[in-house]
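Hi,

Here is the structure I promised to pass on. Have a look at it first, and my notes follow below.

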Amino acid sequence: MSSSSTPSHDGSPAVPEGPAAREDAPHGYPGLGDEPVSGIRLLRAPAVPTAVVRADDVPMATIAGLFDAVFGTAFPAAFARGLTPAGPAFALYTRLTDGADAVADVEIGFPLDGPLLAQIDAELVEVDGLRVVASVLPAADVAVTSHLGGFDGLGRAWGEFLGEIGAMGWAPGVPFWEAYVTEPSPDMDPADLRTDLYCVVRTPDDAA
């Protein structure tokens, strides 16, 4: 893909236009440290093994009930078997339709330091039809930002995030996921919640 350049006003060398530069993911990725991500970071991210409950064609109108079941029953059973997360819980979307009747294909779970079967034996962890299985956060170019505030603001945050990715010269792709850095509790102020938003990105030529 060719790139053009824009002359500077002070006579300095022209700055190439095109997708913004990436950086290597920090040590401990997908954790990004105690401070929220300001703006957008573009990372060359490695694959990260995960343990998830996978569900397809989930109505977005009822997805909160799935989260409650996954974190209230399936993962406590896995933790009792020795599963040890390496970071905050996340929800990864491989498909999401538009409209009032939107449905999603989603993986809800935790990142791990190594393969799932290295932590627990091959016997399935399954509770009420919710099965914990091995998956992965993909090795890819990934954009990330932080949303501070309640979960009811995530829809708007995603819309702004995806628009900013395009303005940087990248095309948002799939999967995309959100990591719940701050664990919610009944008595906390929703303004104190931090959710990190991740999206696989490509150059427009790659996405075509």
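**Notes on the model**

Leaving aside residues up to four places away in sequence, Tyr93 touches Met60, Ile63, Phe67, Ala104, Asp105, Val106, Pro175, Phe176 and Glu178 (a contact means heavy atoms within 4.5 Å). Before I go on, a word on the basis: this is a predicted model, where local features need pLDDT of at least 70, side-chain atom pairs count only at pLDDT 80 or more, and totals for chains, interfaces and linings use all residues. Residues are numbered from 1 along each chain as its sequence is written, and side-chain values use heavy atoms, with hydrogens and water left out.

Back to Tyr93, which lies in strand β6. Tyr93 is buried, at a relative accessible area of 6% (buried is under 20%, exposed over 50%, partly exposed in between, with a 1.4 Å probe and protein chains only). From its C-alpha atom to that of Ile108, 15 residues along the chain, the separation is 8.8 Å.

Tyr93 also turns up in the pocket. The largest pocket holds about 910 Å³ of space. Of its 29 lining residues, Phe67, Tyr93, Leu154, Glu178 and Tyr180 are the closest to the centre. Two or more lining residues come from each of α1, β6, α2 and β11, and α1 gives the largest share, eight residues. For the cut-offs: on a 1 Å grid over the protein atoms alone, a pocket is an open set of points where a 1.4 Å probe fits, with protein on both sides within 12 Å along at least five of seven lines, and lining residues have an atom within 4 Å of a point. Points are joined across faces, edges and corners, and the volume is the space filled by probe spheres set on them.

Now the fold. The protein chain has three helices and 12 strands (DSSP runs numbered from the N terminus: H or I of at least four residues for helices, E of at least two for strands). An open sheet of 10 strands runs in the order β3-β4-β10-β12-β11-β6-β7-β5-β9-β8, with mixed pairing; strands count as paired if DSSP finds at least two bridges between them. At the edges are β3 (23-24) and β8 (125-127), each with a single partner strand, so one side of each has no neighbour in the sheet. Helix α1 (residues 63-80) packs on the sheet and touches β5 (48-59), β6 (90-96), β7 (103-111), β8, β9 (130-137) and β11, its direction making about 30° with that of β7. Helix α2 (residues 154-167) lies across β10, β11 and β12, at about 35° to β12. Axes here are lines fitted to C-alpha atoms, for helices over the stretch in contact, and angles run from 0 to 180 degrees between N-to-C directions.

Which strand is largely enclosed by the rest of the structure? That is β10 (residues 140-148): eight of its nine residues are buried, so the rest of the structure largely encloses it. On one pairing, β10 meets β4 (residues 41-45) in the antiparallel sense over five bridges, with Ala45 opposite Ala140 and Arg41 partnered by Val144. On another, β10 and β12 (residues 194-202) are antiparallel over seven bridges, and Leu148 stands opposite Arg194. Strand β11 (residues 171-180) is also antiparallel to β12 over seven bridges, where Tyr180 has Thr195 as its bridge partner. By contrast, β3 and β4 run parallel, joined by two bridges.

Over the whole chain of 208 residues, 40% are buried.

Cheers
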